[in-house]
Amino acid sequence: MRRATLISVPYIWLLALFLIPFLVVFKISLSDIALAIPPYTPTMRDGFWNMLSQLDFENFVFLTEDDLYWKAYLSSLQIALISTVLTLIVGYPMAYAMARAPDQWRPTLLMLVILPFWTSFLIRVYAWVGILSNEGFLNQFLLWIGVIGEPLTILNTNTAVYIGIVYTYLPFMILPIYSALDRLDGSLIEAAEDLGCSRLKAFWLVTIPLSKNGIIAGCFLVFIPALGEFVIPSLLGGSSTLMIGKVLFEEFFSNRDWPVASAVAVILLLILIVPIVLFQRNEQRQAEAET
Amino acid sequence: MKKLMLSTVAGLALTGAALAEEVRVYNWSDYIDEDLLTKFEEETGIDLIYDVFDSNEVLETKMLAGGSGYDVVVPSGTFLQRQIAAGAFQKLDQSKLTNSVNMWDVISERVAKYDPDNQYAINYMWGTTGIGVNVGKVQEILGEDAPVDSLALVFDPANMEKLQACGVHILDAPAELIPAALAYLGENPDAQDADTIKLAEPVLTNIAPYVQKFHSSEYINALANGDICVAVGWSGDILQARDRAAEAENGVEIEYYAPKEGALMWFDNMAIPVDAPNPDGAHKFLNFIMDAQNMAAASNYVYYANGNLASQEFLVEDVIGDVAIYPDATTLENLYTTTPYDAKTQRTVTRMWTKIKSGT
């Protein structure tokens, strides 16, 4: 009995916070646009079976007819992938340094990584507007030290989006890697070096594989929210930055077309869920093979 | 027992409501003298909760979702018309709006195009969509005879190619830019048929690469700071930028021009959502706003013309005497209004706009 209760907790979590919202969105994606409150038909009000009988997938068909949508998905995937790699490149050395730091420093270092969360996300992204704009701090500083003669245009470009994503999600990358490296047994590296590995080779053959789980967790934590990101591209990105979050916004707000917006969201979810499930399966199989 | 508790809770909630009556207002950003909000609270004893938005689309989505919790909202004309059709607003109780005698028939009649007989809304502010220019920078780039009073300034790629160096912002509002592009071409700006609307696409596509950003509120600060030198925006916003730059004494001089090819005249109107929690308080707020001195204070602060005739004697010369705000008869004749697109045309317009902005 106790065991059943314990197991049911994550399932209730999954049901209430994932499955039910997903079904609501899926239901809207099968309906038609209308000028009413709420702006779609049919609704559950006419009865469940009536609703089922009127289902059709025309909104999903519509998405395949216009190249805007797959281009936006692809461009979002590209931006999310590149920013995940950049975050890893920036985050790994930081996590590594933290894990190697003397014991008494670590709580402070950890605190410093978490500290930015104490300010609102929106304010931090707005701060980057002030830093990156043509008249901003960065350009003024670079002009002052004489590296550049003309202000660089960074704000309103994809570069600014990458900077924003890397900055915002960096702690999500650092923390899991740090916790993996923190638990790393130092004697394993000593053993590798005793057996003739150079320090670099020991890092590559021992440290990296042993922190793999941290790297994977960090990459997921960055990649998934970056894929659907809306705030960062709309504040820092240019008009030509095409991301699925912006397309969703346009469908929802400009076209008032909730059904098509929901269809876009359902597909976004599938793009995320399917690879993650496949990956998990693969991991499990590997773990089983090893034992 | 449970029943008893429920009724006690309900009773408490009721007395709570009676103690602290609230009115929730959802208005455009930078669109009121904040002293007025305090004044309303002091005069009526009602708590005013004031939120802001910067696009009609965001407001409309909230209205169509229902249950927004707001008592007063401020949609523009075409959006007002569509939301009335969707059943989002309640009819105003004219008996509670004693100050409605102050309203200006010239404006009320034009708003009636969207809200027949002014049954659902009162006009708050109106203005034009035009061009804000950092005169010094633009003349430096395009020469003394830069076409600052013409849409050619932003719709002629030759000009835009040079202007991109100092920065150009354009409103992220297809329903205003497509009519402007049509006016530039000499077509009917209020065209509803897809063939005519498509004529606007090449005009906008050709200049899009030179536009730093399509955005509907950032240009106020960007113009005032000197980050950009040209913005297609709303009259009062650009005049606010002019004043902020003057106050900052940063050497930036901004001028507003209603283009000679014609400018869009728009109306922002206050309406009460059908499910407003406190319609009575909402009427009080509307009546407060229609008071001549209050309305004048708002206009004096935001540099937009209002639909209140009685307020005009309280307007400062900077506002009532500025043809960029209260246009003279000839300019007024040159202004056009638009009607809302139907759902299918709207999709064409949004799709076209995405294509213009992103190239896809």
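**View 1. Helices H4(A) and H11(A) cross in a right-handed manner.** The model shown here is predicted. Two packed helices are described by the angle between their axes and by the distance between those axes. For H4(A) and H11 (residues 212–227) of chain A, the angle is about 140°. Their axes lie 9 Å apart.

**View 2. Residues of H4(A) meet residues of H11(A).** On the H4(A) side are A:Ser76, A:Leu77, A:Ala80, A:Ser83, A:Thr84, A:Thr87, A:Leu88 and A:Gly91. On the H11(A) side are A:Ile215, A:Gly218, A:Cys219, A:Val222, A:Phe223, A:Ala226 and A:Leu227. What classes of residue make up the contact of H4(A) with H11(A)? Nine are nonpolar and six are polar. No charged residues take part.

**View 3. Chain A touches chain B.** Chain A brings 23 residues to the contact, and chain B brings 29 residues. Which elements of chain A give two or more residues to this side? They are helix H4 (67–100) and helix H13 (244–254). H13(A) gives the most, with four residues. By class, the chain A side has ten nonpolar, eight polar and five charged residues.

**View 4. Strand S1 of chain B pairs with S2(B) and also with S3(B).** S1(B) covers residues 22–28 and is mostly covered itself. Six of its seven residues are buried. S2(B), residues 47–53, runs parallel to S1(B), and seven bridges join the two. Look for B:Glu22, which stands opposite B:Asp47 in S2(B). Strand S3 (residues 72–73) of chain B also pairs with S1(B) in the parallel sense, over two bridges. There, B:Val25 stands opposite B:Val72.

**View 5. S1(B), a helix and S2(B) make a β-α-β unit.** The helix is H2 of chain B, residues 34–44. Is the unit right-handed or left-handed? The β-α-β unit is right-handed.

**View 6. Strand S7 of chain B pairs with S4(B) and also with S5(B).** S7(B) spans residues 230–234. How many of its five residues are buried? Five are, and the strand is mostly covered. Strand S4 (residues 121–134) of chain B runs antiparallel to S7(B), with five bridges between them. Strand S5 (residues 168–170) of chain B runs parallel to S7(B), joined by three bridges. Find B:Val230 in S7(B): B:Val133 has it as a bridge partner, and so does B:Val168.

Technical notes:
Residues numbered from 1 in each chain as written. Chains lettered and ligands numbered in written order. Predicted model: local features only at pLDDT ≥ 70, side-chain atom pairs only at ≥ 80, totals over all residues. Contact = placed C-beta atoms within 7 Å. Nonpolar A, V, L, I, M, F, W, Y, C, P; charged D, E, K, R; others polar. Buried ≥ 20, exposed ≤ 12 C-beta atoms within 10 Å, placed from the backbone. Pairing = 2+ DSSP bridges. Right-handed = clockwise from strand over helix to strand, strands pointing away. Axes fitted to C-alpha atoms, helices over the stretch in contact; angles between N-to-C directions. Left-handed = near helix turned anticlockwise from the far one by under 90°.
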